[in-house]
Amino acid sequence: MQKCKLYLCIVILLCVIYYLYNNNKPVKQSLKVYWFYKPGCPHCDEMKEEWAAVEKKLSGSLIDVIKINTSDSKYDSFKKNFKVSTVPQITKVKPNGLRYNFNGKRKAEDIVGWIYGDDIV
């Protein structure tokens, strides 16, 4: 009986440790950067290599880099929510939900600099 109580205490202790370990971690909120493009758009086609360079430079970072094909109807509500009227459009979404559209040169170095930079509203 004593052994049984000891095992039960150990199991409960392990469950408590597991719960505390998994539920006290802060939720990771990352910066998200969306590239809205349309296949066949000359400006988007010109930018493909630059965007690939952006993806490569940011791989392994905490920044989520997401490509959205605006001609795919499954993204219609997404496009409306982001107010995409022209392509290409690059939108940065901070963890607090604030959104910023890129208006600089369509070069990887400029885009990455903007992603890491401060925003002027």
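The legends below describe close-up views of one predicted protein model. Residues are numbered from 1 along each chain as its sequence is written, and side-chain values use heavy atoms, with hydrogens and water left out. In this predicted model, local features need pLDDT of at least 70 and side-chain atom pairs count only at pLDDT 80 or more, while totals for chains, interfaces and linings use all residues.

View 1. Helices (H or I, at least four residues) and strands (E, at least two) are DSSP runs, numbered from the N terminus. Along the sequence they follow the pattern α-β-α-β-α-β-β-α. The chain has 121 residues, and 28% of them are buried. Buried means under 20% relative accessible area, exposed over 50%, and partly exposed in between (1.4 Å probe, protein chains only). The chain exposes about 9000 Å², with 57% supplied by carbon and sulfur atoms. Areas come from the Shrake-Rupley method with a 1.4 Å probe; for residues, only the protein chains shown count as cover. Contact means heavy atoms within 4.5 Å. Of the contacts with a separation of 6 or more, 65% are between residues 24 or more positions apart.

**View 2. Thr70 sits in the loop between strand S2 (64–69) and helix H3 (76–81).** Thr70 is buried, at a relative accessible area of 10%. Leaving out residues up to four places away in sequence, Thr70 touches Phe36, Tyr37, Lys38, Lys79, Val84 and Val87. Thr86 is 16 residues from Thr70 in sequence; the two C-alpha atoms are 9.7 Å apart.

**View 3. A salt bridge joins the side chains of Lys32 and Asp64.** The N to O distance is 3.0 Å. Lys32 lies in strand S1 (residues 32–37) and Asp64 in strand S2, so the pair ties together parts 32 residues apart in sequence. Lys32 is partly exposed, with a relative accessible area of 29%. Asp64 is also partly exposed, at 29%. A salt bridge here is a side-chain nitrogen of Lys or Arg within 4 Å of a carboxyl oxygen of Asp or Glu. The whole structure holds three salt bridges.

**View 4. Lys48 forms a salt bridge with Asp45.** Their closest N and O atoms are 3.6 Å apart. Both residues lie in helix H2 (residues 42–58), three residues apart, about one turn of the helix. Lys48 is partly exposed at 48% relative accessible area. Asp45 is partly exposed at 34%.

**View 5. Asp76 and Lys79 meet in a salt bridge.** The side chains are 3.2 Å apart, N to O. The two residues are three residues apart in helix H3, about one helical turn. Asp76 is partly exposed, at 40% relative accessible area. Lys79 counts as buried, at 18%. Lys79 is also among the residues that Thr70 touches.

**View 6. The axes of H2 and helix H4 (residues 108–116) come within 8 Å.** They cross at roughly 45°. Axes are lines fitted to C-alpha atoms, for helices over the stretch in contact, and angles run from 0 to 180 degrees between N-to-C directions. H2 and H4 are therefore oblique to each other. Angles under 35 degrees count as roughly parallel, over 145 as roughly antiparallel, 65 to 115 as roughly perpendicular and the rest as oblique. The crossing is right-handed, a term for a near helix turned clockwise from the far one by less than a right angle; anticlockwise is left-handed. On the H2 side, the residues in contact include Met47, Trp51 and Val54. On the H4 side, they include Ile111, Ile115 and Tyr116.
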